[in-house]
Amino acid sequence: MSLYTVFADWARRNGVEAAVASFAGSLPEELVDKFRCQFEADKAKVQAGGPPIITAGANDWYSGPGESDRYWLALRDQFKTEKWPEERISSVDHSSSTVVAHTPRPDRSTWDSKGLVVGYVQSGKTTNFTAVIAKLGDVRYRLVIVLSGIHNGLRRQTQVRLDQYLKDLNPDRWMTLTGESRDFVEQTLEASAALSEEKTVLAVVKKNAAVLDKLIKWLDKPNSRKALASAPVLIIDDEADQASVATGRINPLIRRLLRLMPRCTYIGYTATPFANVFIDPTQDDLYPKSFILNLPRPDGYFGPEKIFGRDAVEWEAPDEQGPPDGYDMVRLVAEEEVPLLRPGSKESADGFTPVMIEELVAAVRWFWLATAARRARGDDDHSTMLIHTSVKIAVHESYRGPLQTLQTDARAGLDSGRSEVLDEWRNLWEKESSRVPAKDFGRAQNTFDEVLPHLSKVITSTRVVLDNYRSQDRLDYSAPSVVAIAVGGNTLSRGLTLEGLVVSFFVRGATAYDTLLQMGRWFGYRSGYEDLPRIWMTPSLAAAFRHLATVEHEMRDDIDRYQRENLTPDQVAVRIRTHPSLRITAKMGAAQPAFISYAGRRLQTRYFKHTNADWLDSNRQAAENLVQEAVRHGQVEDLGAARLVRDVPVSLVKTFLHRYQVHEDSPDLESLLMVKYIDQQLTSDPPSLAMWSVAVVTGEGGNAKLGGLDINYSIRSRLNDHSVERADIKTLMSKQDRALDLGLTAAQARAKSESELVALRNSHPVCHDRGLVVLYLIDPTSEPANQQQSTTAEHPPRIALGAAEPVVGLGITFPGDVETKSVQATHVAVDLTDVESENVDEALGVDTEDMT
């Protein structure tokens with residue numbers, strides 16, 4: 001072991017100044033100074049490749065893994081043995097070091113650290129906390145407790161993973177209190193004897209009251225409490241929003257467990273942190289006061305945004321493509337078909353028989369075809385289909401017979417060799433495989449003739465598994481090349497990984513963000529078959545998941561703000577966008593309506609009821625009246641790209657906003673909220689928004705009139721999202737349109753960033769306190785242009801707008817600083833008014849029992 005390794009190990013545990021002082025007497029001054037510089041450089045490397053590791057004013061202490069570390073180096077070598085790509089290993093190394101760096105320096109006598117790590121559904125959380133355990137074990141943490149969900153399946157799965165990547169790699173250094181088939185039980189050895197310097201103690205414990213009570217009793221003994229006083233303890237709470245928050249039994253037991261440990265680091269892991277960020281921060285609870293961190297989204301990960309697309313958020317600069325609209329993988333099941341698939345909530349499940357509707361049959365057949373295609377590609381890994389229609393066990397049981405009959409009939413049909421049977425399979429393959437081109441993922445698509453030789457074996461080998469808490473016949477991937485259709489409920493809806501999930505048939509109802517996201521077992525990696533996954537669900541569920549993709553995008557940006565602005569969760573709370581019909585979580589805790597500002601924002605209509613002639617005509621009349629009245633009050637300027645009217649009184653704009661109807665999928669454009677904001681600014685000091693400018697864009701289409709002004713229609717085709725009642729044009733405004741009243745040319749406006757345009761408006765001698773309304777009269781036909789240049793699987797083809805009447809699009813731009821002048825609106829967050837901010841390093845060298 002090199003001298004520097006010894007120096008670095010000492011510096012990580014006790015601080016670099018302590019290391020310098022300790023080595024100064026035995027080593028030359030220049031060598032000690034060289035070690036200090038090297039340690040600082042190593043610490044800087046932890047920050048490379050991602051956001052700076054800032055802990056809100058505290059001194060950074062972690063320099064990354066050292067040469068003497070046993071646990072992490074063994075884990076890294078195991079990843080290499082398993083042929084993990086170097087980039088993936090590097091990502092795990094950096095992201096886990098980021099988490100470790102946010103924990104308290106382990107030379108402190110006491111600490112109470114609570115953090116939260118936000119991952120992605122079915123992606124990388126276990127790997128990250130395994131690496132965090134290894135690295136904190138290397139800095140002499142003595143006890144690690146992993147709270148692993150509420151089901152035996154997830155606890156067992158986690159235990160196996162940690163045994164494989166921690167205990168088995170250093171069997172002489174780990175003492176495990178639990179096993180693959182054994183949760184925590186009363187120990188013969190006292191905790192005081194187990195907590196030695198030579199070994200790290202590991203327990204993987206289910207969040208069950210009886211189990212937690214046994215663990216607490218084992219630790220809450222005089223000798224054990226004495227041993228815990230000097231033992232750094234790490235508690236990992238996997239699926240931290242489940243059972244841990246606002247529960248009558250589990251939450252108090254977890255808090256009681258934490259209070260036994262004077263040197264305790266608690267880190268929650270979840271992909272759905274809504275309940276966690278709504279915990280009351282003024283109480284002695286599990287609010288993540290110390291840090292909240294995002295895990296990076298891994299390459300090749302399929303999340304809500306990739307599958308369902310998302311809406312643009314206002315701080316994003318518009319571009320030709322905009323945010324992704326999702327791959328064409330979602331197939332719709334009509335809402336009226338749902339009663340054929342599950343009984344109503346007040347109906348008995350006993351005696352229910354599902355109808356194998358056309359969509360369900362197609363889903364099962366596509367699963368067999370997709371699995372056969374994987375076999376044709378040389379992929380013999382597990383392949384799974386999920387059918388999730390109800391939480392009722394009797395409903396699960398009712399699917400076994402129909403599915404087995406479908407399996408028998410499919411096998412018999414193939415064995416018959418009849419041409420009409422093969423044509424059905426061929427047509428389904430060719431129809432589906434063309435909708436998500438394999439070439440977009442760098443591979444040539446298989447022909448049906450390549451798939452067919454594998455199809456019969458795939459069908460024959462398929463097991464129908466009913467996986468619920470009562471069933472004995474659970475999903476088991478211990479055999480090679482498992483092919484399974486899993487019918488289930490809650491046991492399949494959180495934490496547990498469905499290996500090789502290809503097809504999901506999902507029509508179960510849910511009323512909360514976190515419930516829906518956790519049910520999304522189809523999120524994750526699909527290496528080698530990225531083009532094959534499909535999801536069947538109702539239109540309302542598909543719309544809900546798209547909304548959640550937007551919520552998640554905003555939430556993660558809020559979390560990244562902690563790093564960008566050197567803030568902690570007790571200074572700024574995470575805000576969550578609301579939905580008109582979905583709860584965020586059943587555990588809203590201390591959440592209160594947050595305040596949203598229209599200052600500096602640019603809003604635009606994206607969705608239209610294009611087949612509703614009355615709705616369209618009402619909006620046109622509102623626009624006609626606004627333009628006619630505006631012209632009476634101001635002078636019309638011909639800008640070429642638009643007709644602009646300045647000095648329009650605010651009363652006309654407010655009347656227009658009350659009359660103009662916005663599609664319900666655009667809650668940010670709620671007219672009552674905007675009018676409330678305008679009224680607030682009229683009475684502010686100084687007042688603003690008393691005068692406005694109104695622009696009518698001259699488009700690229702045929703001749704038209706709006707409010708007596710001669711213009712040309714704008715052309716806006718719609719996305720081919722198979723919606724009948726809603727047209728999604730995606731982007732209405734161009735960047736230059738928000739600057740129509742600022743005296744810039746189109747080229748000058750395009751050359752500026754969104755923030756520069758906001759700053760330019762705020763410093764403009766006339767427009768600094770004026771809003772801008774931009775109207776577009778959209779050709780009802782609006783054929784798409786340049787289709788072949790822009791279409792990809794993630795940006796699907798456009799089709800003609802096909803509206804019943806000309807469509808009026810609205811863009812609106814407000815002046816002002818983005819962080820000021822707010823009204824109660826569409827987000828919620830906890831109130832941090834009475835929360836005392838902490839500097840975790842103020843107490844270095846000082847005994848503190850609780851730093852809340």
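In the predicted model, helices α5 and α6 lie oblique to each other. The axes of α5, which spans residues 86-101, and α6, which spans residues 125-138, cross at roughly 60 degrees. Angles of 65 to 115 degrees would count as roughly perpendicular and those under 35 degrees as roughly parallel, and the pair is therefore classed as oblique. The two axes come within 9 Å, and the crossing of α5 past α6 is right-handed.

The contact between these helices involves residues from both sides. From α5, the residues taking part are Val 92, Asp 93, Ser 95, Ser 96, Ser 97, Val 99 and Val 100. They meet Thr 127, Asn 128, Ala 131, Val 132, Lys 135 and Leu 136 of α6. Sorted by class, the contact of α5 with α6 comprises 6 nonpolar, 5 polar and 2 charged residues.

A separate element described here is a sheet. This open sheet is built from 6 strands, arranged in the order β18-β29-β27-β22-β21-β20, and its pairing is mixed. At the edges are β18 (602-604) and β20 (636-638), each of which pairs on one side only. From one strand to the next, the twist averages 20 degrees.

Strand β27 covers residues 771-778 and strand β29 covers residues 807-813. The two run antiparallel and are joined by 7 bridges. In this pairing, Val 774 stands opposite Gly 811 of β29. Strands of a sheet pair through backbone hydrogen bonds, in either a parallel or an antiparallel manner.

Notes. Residues numbered from 1 in each chain as written. Predicted model: local features only at pLDDT ≥ 70, side-chain atom pairs only at ≥ 80, totals over all residues. Heavy atoms only, no water. Axes fitted to C-alpha atoms, helices over the stretch in contact; angles between N-to-C directions. Helix = DSSP H or I, 4+ residues; strand = E, 2+ residues; numbered from the N terminus. Parallel < 35°, antiparallel > 145°, perpendicular 65-115°, else oblique. Left-handed = near helix turned anticlockwise from the far one by under 90°. Contact = heavy atoms within 4.5 Å. Nonpolar A, V, L, I, M, F, W, Y, C, P; charged D, E, K, R; others polar. Pairing = 2+ DSSP bridges.
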